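Please walk me through this structure.

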Amino acid sequence: MAWDAQTDVLVVGGGGGGLVAALAARESGAEVALVEKHDRLGGNTALSSGSVPGAGSRFQQAAGVEDSADRMALDIMRQTDGTAPEHLVRALARESGPLVEWMVDHLNVPLSFVPDLKKVGHSVPRTHGPMGRQGATVVAALEQQARDNGILVSPGNPVRRLLQNSAGGIAGAVIENGGTEHRIGARKVILATNGFGANKKMLRDYIPEIAEAPYFGHQGNMGEGIIWGLELGARLRDMGAYQGHASVSHPQGALMTWSAIERGGFLVNLEAERFVDESLGYSGCTSAVRAQTEHMAFVVFDDRVHHYLEPKAQDYRDIVAYGGARRGAEIEALGAACGLDGRSLGETLARYNSAAGGAADPFGRKDFGGAPLRPPFTLVKVTAGLFHTQGGLDVNANAQPLRDDGTAIENLYAVGGTAVGVSGADGNKGYCSANGLLAALGLGRIAGRHAGRTL
Ligand SMILES: Cc1cc2nc3c(=O)[nH]c(=O)nc-3n(C[C@H](O)[C@H](O)[C@H](O)COP(=O)(O)OP(=O)(O)OC[C@H]3O[C@@H](n4cnc5c(N)ncnc54)[C@H](O)[C@@H]3O)c2cc1C
């Protein structure tokens, strides 16, 4: 075949999964090029909170938390009722601690252990994140490393299709630049184009329950990697699974961190009533918020939570700055100021506080964080929507897509949202906090290392 350019490893997609895959392949000695459809790197990863689980990392150990890959794998399998692909769960749980250490020690990514929260689905605290909880910090550090390490980073170059050799293996890809197509030869191609959150048609086909909800992720995620895989005969897995989020501030559109709930807050609908066991988590509560009047709710919490979040979460500071967090000493007046029936809100708060104090909770919540809540209070109006899809190309433990007969497609890898995730077979309830970046960065490292070592 005639090529316009050639490389050892071609990475398609410049989010977290693609950047880590490129760096891992480069570390193994490969010549690497990364192409990104948009004019800047980042994808969903830059929009995320940058939280990464790391079971058994030395940072977690230094904080005195006992953990292991086995424990993390058990947690994920429990959260997904045993439906997540176990070979990936085990591979990613094993990878997670070393991944976090490698990112800090070798890639200068400023992650630190967040000891004070267990997070949804995790039996011990194991999340590591950047200051300010912004994924853009992680992307900036990875992009710098990629450029410093001689990886050819090319934004503004969408891949249009993959190219095969005469034996059916992958031999490269066609990219488009300025209206002209170029054929890039590659010995290995790593698909890191995320899932299909921005593709309404695919959402209607595979996850109709969330297809009409707002999508808060990156618009580049049109599912191309999954479509190319299908064209090559790859099999799909868990296409109905997704991560939703039940608390995106309205109308600001900023992430209202679930830490507010975990530290004692609760949700009410526009009728000022509770409607769900909030311990289902931010993804698990998505459908419940979607089912409420106008698809809206309020997060209610007190000043201890407010003062905890303010210094830590840039998104929360943004909500406060744009007037999205209404505070007041008197719950009835505060409710009325937010358009709720103040008296009903007062009664709901009293019932919630009594459940937090030991009475049976009609919704079954058991962990109430720092509640009972006490004045002054804060209310933030929120809505629910889709963050990213969790189904994709079925891959083996080396991140290689599989055909129906179980054989791997030669020279091809899929990571992050392009591959099947570890959030179970269906719906939004299997998502453990930070499963998204686990699959992106963890599989990215596995794929890049394998591609680099098997050239
Ligand atoms: C608001 C928000 C907060 C989140 N917070 C967290 C969190 O704290 N922890 C966590 O684990 N997960 C979180 N997630 C989920 C997480 O962001 C994703 O799971 C993860 O970033 C996926 O990484 P990725 O590399 O697979 O995809 P992305 O980061 O989305 O990167 C994919 C890239 O591929 C590019 N691309 C697509 N098609 C092509 C093409 N044809 N050619 C070239 N390039 C292409 C896209 O433009 C994009 O830049 C969050 C998501 C959202 C929306």
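**A helix and its neighbours**

Begin with helix α16, whose buried residues pack against β12 (266-268), β13 (296-302), α15 (331-337) and β15. This is a predicted model. The buried residues of α16 include Gly342, Leu345, Leu349 and Tyr352. Ala355 and Ala356 are also among them.

Now follow α16 from end to end. The helix has 15 residues. From its first C-alpha to its last it reaches 21 Å, close to the 21 Å expected at 1.5 Å a residue. Aspartate 341 caps the N-terminal end. One of its side-chain oxygens lies 3.0 Å from the backbone nitrogen of arginine 343. After the helix comes glycine 358, with a positive phi near 130 degrees.

Turn next to strand β8 (residues 170-177). Six of its eight residues are buried, so β8 is largely enclosed by the rest of the structure. In a regular strand, side chains alternate between the two faces of the sheet.

Strand β8 pairs with β7 (residues 159-164) in the antiparallel sense, over five bridges. Within this pairing, glutamine 164 has isoleucine 170 in β8 as its bridge partner. The hairpin of β7 and β8 has five residues between the strands. There, glycine 168 takes a positive phi near 95 degrees.

Strand β8 also pairs with β9 (residues 180-191). Six bridges join these two strands, which run antiparallel. Valine 174 stands opposite arginine 183 in β9. The hairpin of β8 and β9 has two residues between the strands. In this hairpin, glycine 178 takes a positive phi near 60 degrees.

Arginine 183 brings us to an aromatic ring. Its charged end sits over the ring of tryptophan 3, 5.7 Å from the ring centre.

**Rings and charges**

How many aromatic pairs does a search of the whole structure find? The search finds seven. Take the pair of tryptophan 258 and tyrosine 282. Their ring centres are 6.4 Å apart and their planes stand at 80 degrees, so the pair is edge-to-face. The pair links distant parts of the chain, 24 residues apart. Tryptophan 258 lies in the loop between β11 (240-249) and α10 (259-262), while tyrosine 282 is in helix α11 (residues 281-284).

Are these two residues buried or exposed? Tryptophan 258 is buried, and tyrosine 282 is buried as well. Together with Tyr431, they form one aromatic cluster.

The charged end of arginine 263 lies over the ring of tyrosine 308, 3.6 Å from the ring centre.

Most residues other than glycine have a negative phi, and most peptide bonds are trans. Some places in this model depart from that pattern.

Two peptide bonds come up here. The bond from histidine 250 to proline 251 is cis, with omega near 5 degrees. Proline 251 lies in the loop between β11 and α10. Tryptophan 258 is found in that loop. A cis bond also joins alanine 371 and proline 372, with omega about 10 degrees. Proline 372 belongs to the loop between α16 (342-356) and β15 (377-389).

Next come two positive phi angles. Asparagine 108 is not a glycine, yet its phi is about 55 degrees. The residue lies in the loop between α5 and β4 (112-113). Its relative accessibility is 55%, so asparagine 108 counts as exposed. Aspartate 81, also not a glycine, has a positive phi of about 50 degrees. Its place is in the loop between α4 and α5. Aspartate 81 counts as exposed, because its relative accessibility is 70%.

The side chain of threonine 83 reaches the backbone oxygen of threonine 80 at 2.7 Å.

Which residues does threonine 83 touch, not counting those up to four places away in sequence? The contacts are Met77, Arg237, Asp238, Gly424 and Ala425. Alanine 425 is 342 residues away along the chain. Even so, the C-alpha atoms of threonine 83 and alanine 425 are separated by 5.6 Å.

Terms used. Residues numbered from 1 in each chain as written. Heavy atoms only, no water. Phe/Tyr/Trp six-rings, centres within 6.5 Å; stacked < 30°, edge-to-face > 60°. Helix = DSSP H or I, 4+ residues; strand = E, 2+ residues; numbered from the N terminus. Buried < 20%, exposed > 50% of the residue type's maximum accessible area, 1.4 Å probe, protein only. Lys NZ or Arg CZ within 6 Å of the ring centre and 35° of its normal. Contact = heavy atoms within 4.5 Å. Polar contact = N/O pair within 3.5 Å; in protein donor to acceptor, adjacent residues only side chain to side chain. Pairing = 2+ DSSP bridges. Expected span 1.5 Å × (residues − 1).
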